[in-house]
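I opened this model to look up how its chains meet. My entries follow the structure shown here.

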Amino acid sequence: MSNDLQNYIPLLMSFGLASLIATTLLITSRLLGPRIQTREKLMPYECGNDPVGNARDRFSVKFYLVCLLFILFDIEAIILIPWAVVYRALAEELGNKLFVYAEMMIFVATLFVGYIYVWKKGVFDWSK
Amino acid sequence: MTFQQLLFIGFAALVLGGGIAVVLLRNPLYGAFALITSFVGLSALYVMMGAQFIGAAQIVVYAGAIMMLFVFVIMLLNVRADEERPPRHRFLVWLAAPLALLLSAGLWLAVAGVQGDRAPSGEAGTVERVGKNLMTRYLLPFELTSVLILLAVVGALHLAKREKE
C-alpha cells in the first residue's frame, strides 16, 4: 500500500466502525425486541401528535429553490478548500500575499452579488 | 491478493450494488438512498486513485447537495408508492441482453490494451495540486466559474418563480 493511502486508514476504520454499529443495532433490535403491534404504534410518527392528513402532499416550490441555491453555494464552499490549503505556500512562492487573497475574493464577491440578488427577490422570506 | 485490491473490490461492489439497487427498487426514496451508497463507494475509489479532491467533492456536492435535490424532486413529483407499474414492452427485455453484451464487448476492447500494472499518478489529484493549478494556471477559468454559478443562481430563481406571474 502506498504511503499516501496510509493516511486514510483512520477514515477507513471509522467507516467500518460506523457500518458495524449501524448493522449491529438493527440486527440485535430485530432479534431481541418484542414486536407487539398496535394501531397507534403503526401510525406515522409526527413528533408525538396524531398525524394530520397524508404525508404525500404537494410541497411548495420554495423548498426546491432553497435546495438549488444550496447546491450552488456548496460548490463555492468546496472550491474554497484547495485555496485555503495552498494559500500560505502559494503566497510565499509568488511573493504576493494580496494577489492570492484577491483571487478568491473576486470569486466570492461575484457570488455575493448573486446572494444579494436572491435576498432582494425575497427567496428567504418565508411568509410570502 | 493485497489489502488494496481487497478494498477496491469492496468499494467497487458498493458502487455496483448501489447502482443495481437504484434500478431495482420500486420506492423512489429507497432508490435515492441506494444512490448515496453508490456515491460513497465511488468517492473511496477516487481516493484510492489518488484524486482526493474529487473524492471529497463527490461526498460534499453529490452525496450531500445533489442528492438533496433528488429527494426534493421526488417530493415535488408526489409519486405514490402504490402507483401502477408502467406497461412493459416485452421486446425490450429481449433486446436488453444482446445490448448489454455489446456494451461489455466494447468496454473490453477499450480497456484490453491498457497495461495492468500502471499505477495512478499519485500527485495529480491532491488538494494541494488542484489548489495550486486553480490559483495560477487555470485562474481565468476559475474566476469564470463564479460567473457561471451566478448565472445558475439567477436562472434557478426565475425558473422557480415563474408560477406566480
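**Notebook: the contact between the chains**

I looked up the interface and found 41 residues of chain B in contact with 40 residues of chain A, counting two residues as in contact if their C-beta atoms, placed from the backbone, lie within 7 Å. I note that this is a predicted model, in which local features need pLDDT of at least 70, side-chain atom pairs count only at pLDDT 80 or more, and totals for chains, interfaces and linings use all residues. Residues are numbered from 1 along each chain as its sequence is written, while chains are lettered from A and ligands numbered from 1 in the order in which they are written.

H6(B) gives the largest share, 13 residues. By class I read 29 nonpolar, seven polar and five charged residues on this side; Ala, Val, Leu, Ile, Met, Phe, Trp, Tyr, Cys and Pro count as nonpolar, Asp, Glu, Lys and Arg as charged, and the others, Gly among them, as polar.

I then followed H4 (residues 61–94) of chain A and H6 (residues 139–161) of chain B, whose axes come within 10 Å and cross at roughly 175°; the axes are lines fitted to C-alpha atoms over the stretch in contact, with angles from 0 to 180 degrees between N-to-C directions. H4(A) is therefore roughly antiparallel to H6(B), a term for angles over 145 degrees. Among the contacting residues are Leu68(A) and Leu72(A) of H4(A) and Val153(B) and Leu157(B) of H6(B).

Definitions and conventions
Helices (H or I, at least four residues) and strands (E, at least two) are DSSP runs, numbered from the N terminus. Angles under 35 degrees count as roughly parallel, over 145 as roughly antiparallel, 65 to 115 as roughly perpendicular and the rest as oblique.
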